[in-house]
Amino acid sequence: MPLLTAALWYCRQLYASLIHLLKWWTRYLRRKFTKSRSVWAEVDLPGYCAQKWKGETEQARRMREVYEDLFWRHHVKYVRQVSRDNYCVLRAVLFQIFSQGIPLPPWMKTVDILKLPEKLLFSQGCNWIQQYSFGPEQYTGSSTLGKLRKCLETLRNQWMEISSIKDPCKRGNLCSALFGDEAVEHQMYEAVKFIMLHQVVEVYECLSDKECLPGFFHLLFRRDTSPDPLSYMMNHLNSVGGKRGLDQVDLFLLGYSLGVNIVVYRLSKFNSKDFRVNCTEASQRAWREVALLTEDDQHYLIPVSQI
């Protein structure tokens, strides 16, 4: 009997240990899987709002009113959550470009973007681009050009591959895999930042010729922190992905650089003219549209009209 009792006790302990290990492994896999997803699947808008804005505070009641307006008047039926880091807006815009199969903008088809770092450095005398910082990774010195070329190559190759896929299901599956690879994602976002810098340099060189330029460039260069491309890079772009995200005027530059019309629903501006903002000049509204939704002008969601 003592031997049988000991055996039963041992079996119970082993069973309890196996259950504990299984639960731990399940939680680990869930955390790992969740962490790897930077863009979540669509959830219905009313359900998302009800879950987030519970209670009867003034703010909760107001936000429920805003979401109801989005649902009925602006026909936003679903929403995708996006990882809340300082690449958030770049991630939300690029994901929509890829998932919609939007092709490279015309200017990227005529310019070898892999040569842009050398072009700025040697042809346009922008030796300061070697002070470019890659988001959380600070100044990289002599390796900057090589890293930028690698980032631009990753962006170009992924963009061309995904936009060539006509089947929405296959394109969606590839997007899901791509936006679960943090290293590749960060390379693409840094490439987009550098393309924005390239556009600023190109436009800045035309200011003296008084060419007809999109109005937001005048706002950008009028800021004390970005009167020229160098200060724009040092005071703004270098921090994106690390300490900060993009400002509102940067969204105009982002859409201009990627050839898309960015529409932003700013929920904090409900019942004002700034509630729904087109971050594109009127002459460029024919570009394909991507939409953003923000409650605080810092973190962004992806609104979806239909699946």
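**View 1. The largest pocket holds about 830 Å³ of space.** Among its 32 lining residues, Glu42, Arg80, Phe95, Ser99 and Val304 come closest to the centre. A pocket here is an open set of points on a 1 Å grid over the protein atoms alone, where a 1.4 Å probe fits, with protein on both sides within 12 Å along at least five of seven lines; lining residues have an atom within 4 Å of a point. The volume is the space filled by probe spheres set on the points. This is a predicted model: local features need pLDDT of at least 70, side-chain atom pairs count only at pLDDT 80 or more, and totals for chains, interfaces and linings use all residues. Residues are numbered from 1 along each chain, and side-chain values use heavy atoms, without hydrogens and water.

**View 2. Helix H8 gives the most to the pocket lining, five residues.** Helices (H or I, at least four residues) and strands (E, at least two) are DSSP runs, numbered from the N terminus.

**View 3. Ile97, Phe98 and Leu254 touch the most other members of the largest nonpolar core, which has 72 residues.** Helix H9 (residues 182-204) supplies the largest share, 12 residues. A nonpolar core joins buried Ala, Val, Leu, Ile, Met, Phe, Trp, Tyr and Cys residues through side-chain atoms within 4.5 Å. Buried means under 20% relative accessible area (1.4 Å probe, protein chains only).

**View 4. A second, separate core has 19 residues.** Leu70, Phe71, Leu267 and Phe270 are among them.

**View 5. Cys279 counts as buried because its relative accessibility is 1%.** Cys126 is buried too, at 5%.

How values were computed: Buried means under 20% relative accessible area, exposed over 50%, partly exposed in between (1.4 Å probe, protein chains only).
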